[in-house]
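Here are some exercises to work through with the model open beside you. Try each task before you read its solution.

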Number of protein chains: 2
Amino acid sequence: MNMHDLILISVDDHVIEPPGMFERHLPARFKDRAPRLITTETGADAWSFDGKLIPNFGLNAVVGRPPEEYGMEPTSYSQIRKGTYDVKARIDDMNADGVLASICFPTFPHFAGNRLFDANDKQLARAVISAYNDWHIDEWCAAAPGRFIPLAILPLWDVQASVDELKRVAAKGCRTITFPDNPVAVGLPSIHMGYWDPLWAAAVEYQIVISSHIGSGNQATHSSMESPIDAWIVTMPMAISGAAADWLFSPIFKKFPDLKLSLAEGGIGWIPYLLERANFVYRHHKAWTNADFGELLPSELFQRNFLTCFIEDKFGLHSTDFLNMDMVCWECDYPHSDCVWPHSPEIVWDSVKHLSRELIDKVTHLNAMREFRFDPFAVLGRENCTVGALRAQAQHVQVEPVAGMGGFNPATRSGEPVTSGEVVRMFS
Amino acid sequence: MNMHDLILISVDDHVIEPPGMFERHLPARFKDRAPRLITTETGADAWSFDGKLIPNFGLNAVVGRPPEEYGMEPTSYSQIRKGTYDVKARIDDMNADGVLASICFPTFPHFAGNRLFDANDKQLARAVISAYNDWHIDEWCAAAPGRFIPLAILPLWDVQASVDELKRVAAKGCRTITFPDNPVAVGLPSIHMGYWDPLWAAAVEYQIVISSHIGSGNQATHSSMESPIDAWIVTMPMAISGAAADWLFSPIFKKFPDLKLSLAEGGIGWIPYLLERANFVYRHHKAWTNADFGELLPSELFQRNFLTCFIEDKFGLHSTDFLNMDMVCWECDYPHSDCVWPHSPEIVWDSVKHLSRELIDKVTHLNAMREFRFDPFAVLGRENCTVGALRAQAQHVQVEPVAGMGGFNPATRSGEPVTSGEVVRMFS
């Protein structure tokens with residue numbers, strides 16, 4: 001086996017929603033209130049919806065730039081790579097990166113649909129969510145069979161409406177729904193409340209995985225406004241450990257042992273520490289906290305119910321004795337600034353080449369195929385799914401970094417370290 | 001080598017300040033305004049200082065209780081083990097646990113002296129801090145030569161006064177000062193400001209280690225008020241990762257390469273992940289963030305300057321190829337609820353027995369001895385410092401759990417899981 005034999009399925013990527021998508025999918029009575037793109041006085045593209053202006057691309061869609069031109073926020077479509085919002089160009093970019101298939105999280109609605117939760121007109125918001133899902137499943141994913149695992153957003157302010165929407169999208173092929181890692185952080189009931197039980201029951205019944213992305217509820221904290229942005233970026237993935245512990249000690253997986261939760265962009269190298277710590281706390285404190293995992297240890301419940309994933313994580317992939325390697329997946333994170341496009345195969349191979357072929361296949365694609373019930377081989381033929389085969393189809397794709405695309409770029413302003421405060425102020 | 005041959009030096013324990021300590025050490029003109037203990041209407045002991053009432057033991061001094069009687073806050077001296085505040089009893093308890101030596105963090109002033117920073121009368125507060133240090137060094141530590149590594153608190157609202165106090169305590173044997181993991185969280189300038197440079201320079205000149213305890217600045221977050229307290233306890237140590245990244249990307253260790261920082265109670269198993277992540281972010285983002293580690297990688301700087309420690313961390317101690325084992329120490333955490341007194345040797349041995357004698361000696365005592373310039377062997381003779389030798393002196397010590405000591409104990413109130421909210425409300 002060599003790098004070209006890898007088959008890469010990513011459980012965490014992102015799509016930038018293209019203009020016009022809502023008008024095409026909303027019922028006629030809502031069309032005039034559809035989210036629509038406008039250009040602001042500063043030349044930025046923004047979504048106008050429900051009386052608010054929501055900046056697009058708030059999430060560093062910088063793929064394809066030279067690193068010195070990365071920044072936190074390109075502001076218009078002219079400043080971002082076409083593969084971020086055009087599905088044909090996306091397939092080209094996936095081929096160039098040897099990536100077979102992808103789960104794409106939303107951008108304008110935020111990772112879990114958060115920005116639609118507090119809309120004034122709930123009927124409209126619910127219709128927008130369904131329109132979003134129809135666009136995502138019927139246009140984006142359907143444009144390239146075998147290349148996308150459909151993900152849906154839900155009207156989470158109403159659990160029964162969420163169940164209804166889950167059933168509707170499940171019937172048309174959806175495999176996972178996105179849910180905040182901590183719903184309390186976005187104004188919703190906590191995961192410790194029975195409130196969500198109908199949703200978990202439906203997810204189990206329809207075999208839908210819950211995907212919780214870092215930053216979708218709890219936020220990584222920066223220690224000060226003067227802190228280098230690097231320090232904040234470093235801690236963002238691992239910051240999901242707080243939510244992971246919260247889900248782990250919740251009643252959910254005891255009540256719904258078949259429910260699966262994917263911690264998107266969380267990394268894996270810190271997981272064995274968390275699980276040993278959870279077992280220590282359970283053994284040492286349960287007599288007064290009344291925690292009860294029945295016949296399991298906390299680590300065993302985690303390993304049964306939690307999917308994890310990595311971009312580059314050599315330490316995690318040297319710690320295979322301490323992880324459930326049946327529940328570790330790979331992610332690309334296209335088009336965010338942590339993705340290593342178009343070098344994903346080289347980076348993955350460097351992290352996994354010491355493993356057995358069996359383990360490599362599990363973490364690169366088999367685990368994702370099983371847990372998300374997704375069989376691209378049946379559609380495309382396995383021999384056409386490898387890094388080598390996909391890259392052979394991408395000879396025409398321009399992968400050299402494109403300079404001068406514009407947008408926010410602190411590095412052009414000074415040679416001093418970019419601070420967290422500089423980024424915070426830009427978004428506030 | 002067997003368990004009885006271990007020599008245990010703990011870099012993180014706690015002292016409960018005894019009544020009368022300030023009056024004995026304050027100059028005459030401040031004595032009538034010394035912090036003093038009073039008993040509230042509810043029978044709780046509390047410190048009265050600067051017009052405020054500060055509950056004692058806010059930090060679960062539950063050592064010696066049966067686990068089902070753990071809780072977050074015993075409220076009076078009658079409810080806590082004598083070894084928490086009486087140094088002779090402490091030595092007995094250390095002997096019973098096979099612990100040779102200990103660094104004791106403050107309780108009433110909080111881990112870094114935080115509660116004294118906003119006092120109205122700064123002259124008084126400064127005198128109280130010096131009195132605290134004199135009590136700690138001249139009474140507590142001096143009572144048992146070779147058994148305590150002296151730690152001091154500083155008047156951190158005034159960097160020059162802090163430098164002066166550091167020099168004063170260094171001259172009488174202090175080896176480490178306690179500093180918030182994130183000073184901004186307690187109202188002080190960030191570590192990215194030149195403000196602190198005189199303090200770092202003095203620490204280097206006098207070979208004083210900076211000890212930053214979890215929870216001394218940044219707080220671990222609980223996801224919701226309904227979250228089981230267990231989830232919060234699980235994440236507390238690793239929550240220092242945010243501060244660790246902040247220190248790592250600060251200018252401090254580039255400017256002061258000989259300064260050492262100890263991350264007290266942070267654990268070790270997640271460190272290799274953090275360092276790989278820091279290297280990834282540095283390689284991948286430095287072109288736009290202007291981060292600059294010169295000829296080092298972030299991981300190399302961390303391994304040169306950061307001390308880490310563990311209570312029970314088998315995963316970390318199986319990851320020795322990914323850690324600098326010259327900078328890993330052990331901690332006991334007496335008398336907090338995570339300590340495993342009086343079974344520390346059994347727990348440590350189970351974590352280290354697969355290592356070479358050289359590595360075992362490093363993490364259990366040699367690293368702490370070198371970094372804190374502390375040589376108990378010269379005082380006591382090495383043969384008297386082992387777990388076996390110390391426990392032989394503790395035949396008379398009562399180590400069986402003592403029930404019915406009282407205080408806050410949620411478990412007695414219901415069989416339901418104890419929530420984070422229950423604890424938050426108790427402290428607010």
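A residue counts as buried under 20% relative accessible area, as exposed over 50%, and as partly exposed in between (1.4 Å probe, protein chains only). This is a predicted model, in which local features need pLDDT of at least 70 and side-chain atom pairs count only at pLDDT 80 or more, while totals for chains, interfaces and linings use all residues. Residues are numbered from 1 along each chain as its sequence is written, chains are lettered from A and ligands numbered from 1 in the order in which they are written, and side-chain values use heavy atoms, with hydrogens and water left out.

**Exercise 1. A salt-bridge pair in chain B**

Task: Find the partner of B:E371 in a salt bridge, and class both residues by accessibility.

Solution: 
- Start with the rule: a salt bridge is a side-chain nitrogen of Lys or Arg within 4 Å of a carboxyl oxygen of Asp or Glu.
- B:E371 pairs with B:R370, and their closest N and O atoms are 3.0 Å apart.
- B:R370 has 40% relative accessibility, so this residue is partly exposed.
- B:E371 has a relative accessible area of 10% and is therefore buried.

**Exercise 2. Bridges across chain A**

Task: Which parts of chain A does the pair A:E139 and A:R24 tie together? Then do likewise for A:D118 and A:K52.

Solution: 
- Helices (H or I, at least four residues) and strands (E, at least two) are DSSP runs, numbered from the N terminus.
- The side chains of A:E139 and A:R24 form a salt bridge at 2.9 Å, N to O.
- A:E139 belongs to helix α3 (residues 122–141) of chain A and A:R24 to helix α1 (residues 21–25) of chain A, so the pair links parts 115 residues apart in sequence.
- A:E139 is partly exposed because its relative accessibility is 26%, and A:R24 is partly exposed at 47%.
- A:D118 and A:K52 also meet through their side chains in a salt bridge, at 3.4 Å, N to O.
- A:D118 sits in the loop between β5 (99–105) and α3 of chain A, and A:K52 in strand β4 (residues 52–55) of chain A, so this pair joins parts 66 residues apart in sequence.
- A:D118 has a relative accessible area of 48% and is partly exposed; A:K52, at 38%, is partly exposed.

**Exercise 3. Two helices in chain B**

Task: How do the axes of α4(B) and α5(B) run relative to one another, and which residues make the contact?

Solution: 
- Axes are lines fitted to C-alpha atoms, for helices over the stretch in contact, and angles run from 0 to 180 degrees between N-to-C directions.
- The axes of α4 (residues 159–171) and α5 (residues 197–205) of chain B come within 8 Å and cross at roughly 10°.
- That makes α4(B) roughly parallel to α5(B), since angles under 35 degrees count as roughly parallel, over 145 as roughly antiparallel, 65 to 115 as roughly perpendicular and the rest as oblique.
- Contact means heavy atoms within 4.5 Å. α4(B) contributes B:V159, B:S162, B:V163 and B:L166, and α5(B) contributes B:P198, B:L199, B:A202 and B:A203.
- Within α5(B), B:D197, B:L199, B:W200, B:A202 and B:A203 are buried.
- The buried residues of α5(B) pack against α4, β8 (209–213), α7 (241–248) and α8 (252–255) of chain B.

**Exercise 4. The interface**

Task: Describe what chain A and chain B share.

Solution: 
- Each chain's share is listed: 70 residues from chain A and 70 residues from chain B.
- Buried area is the accessible area (1.4 Å probe) that two parts lose on being put together, summed over both.
- Here that area is about 6,000 Å², with 65% given by carbon and sulfur atoms.
- In chain A, the residues losing the most area to chain B are A:Y273, A:W288 and A:F315, together 15% of what that side buries.
- There are 4 salt bridges between the chains.
- B:D338 and A:R277 meet in a salt bridge at 2.6 Å, N to O.

**Exercise 5. Backbone geometry**

Solution: 
- Most residues other than glycine have a negative phi, and most peptide bonds are trans.
- A cis bond joins A:Y334 and A:P335, with omega about 0°; A:P335 is in the loop between β11 (328–330) and α12 (344–352) of chain A.
- A cis bond also joins B:Y334 and B:P335, with omega about 5°; B:P335 lies in the loop between β11 (328–330) and α12 (344–352) of chain B.
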